[in-house]
Amino acid sequence: MSGANNGDNSRGDVRVPLRNLLNSIQCVRDTVRDGESNESDGAFNLSNFWDTLNQAVKTVSQEATKLSLAFSKPPVPSQEDGEKLSESMQKSILTLSTVYYWLPKSQGSSLRRAIRNATVNVLRGVIQLVEVILSSPLQSLSQEQLNTTGTVWSACDRFGQLPQDNKAAVLLVLSSHIGVVKDAIEEIEQALLEVNDPFGDVMDDDMEGAGPRDNQDTYWSEQDRRVIGPCQGLMKASAACLRKLTAAVKRNGDAATAQNIEQLDDLADVTNHISPVVDDLALSLYPRMDYCGVEDNASKVASVLKKVLDITRSSHVCGESELTWVEFLEGAADHNLQKTRLLIQQPDS
């Protein structure tokens, strides 16, 4: 009995610095996640920043490995050794967060967001690792400890794939929306190919207690199908806008001046609204179709699309060749919205 108590005391001792470390990293995580980075008065060297940041991340990965190894097999580290390990881990975490804060707002909010998310993921990984070490038998290497150590490594490796400037960060944002809008368009196209019933694969007439389905609840009327046409036009115009804008940013985008960096952020911010409104429109097209809801969602897509085009037109990424598709898509937004409204008002013949 006394041997068990001694073991508990020994474990309790080494857990003290680990608990302190855990609390410290949780505070750093919250600060990085919710805080703002510094304003920059003087010149800022982005290349030097990346060199220092990557070194800081590498050190965090190494310290996490040392910490995990120390608690992977007997003997359990002494409290003194536990304090040294915790201090080294904490120092690497504080260095990483300090370097993140060097990045000024003037380098672009899209870039800062990407680096902040990656930094927070590293901090979360280390928090999980410390929690697992605290909750596991200290003399053995659990599968969970192996997994969480791997999570820290993966989160650190992620820094090698991060966008290196605000132009690259904005291109990542745009490409993420292209896939979502494309999926929404394809789902509607697939549903239209079904002979009559878009819900045929998930509903069964023979289900116990189910009577015959109400035609209006599960089938499109002829008027419904006509209304879907221009709504698809709005969705396709949104997809085309994202593709064309991505190409324009690749070709003309510049992250060398504060004004251009800000314009790139404006484009990223406004395009964040495209995929949600396109998704809402797509969902409202399924039976039973509520025409008021469809018209409202179609109006929102047209409004967001025209706002994106307006901001594109006044930005540095819009040259003469871009102006052609900007004006064409503005016309397409107006045309398809008016056609949607007209077809909604026309009853089935």
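Biologist: A disulfide is a pair of cysteine sulfur atoms within 2.5 Å. How many disulfides does this rule count here?

Modeller: The model is predicted, so local features need pLDDT of at least 70 and side-chain atom pairs 80 or more, while totals for chains, interfaces and linings use all residues. Residues are numbered from 1 along each chain as its sequence is written, and side-chain values use heavy atoms, without hydrogens or water. By the sulfur rule, the count of disulfides is zero.

Biologist: Is Cys292 buried or exposed?

Modeller: Buried means under 20% relative accessible area, exposed over 50%, and partly exposed in between (1.4 Å probe, protein chains only). Cys318, at 15%, counts as buried. Cys292 has 62% relative accessibility, so Cys292 is exposed.

Biologist: How many residues does the second, separate core have?

Modeller: Leu18, Trp50, Ala118 and Val152 are included in this core. Its size in residues is 44.

Biologist: Which residues does Leu285 contact, neighbours within four places in sequence aside?

Modeller: Contact means heavy atoms within 4.5 Å. Leu285 is among the residues with the most contacts inside the largest core. With those neighbours left out, its partners are Ile188, Trp220, Ile228, Cys231, Met235 and Val294.

Biologist: Which helix gives the largest share of the lining of the largest pocket?

Modeller: A pocket is an open set of points on a 1 Å grid over the protein atoms alone, where a 1.4 Å probe fits, with protein on both sides within 12 Å along at least five of seven lines; lining residues have an atom within 4 Å of a point. Here the lining includes Ser110, Arg113, Pro163 and Asp269. Helices (DSSP runs of H or I, at least four residues, numbered from the N terminus) giving two or more residues are H4 (109-135), H6 (166-193) and H9 (258-271). The largest share, four residues, comes from H4.

Terms used
Core = buried A, V, L, I, M, F, W, Y, C linked by side-chain atoms within 4.5 Å.
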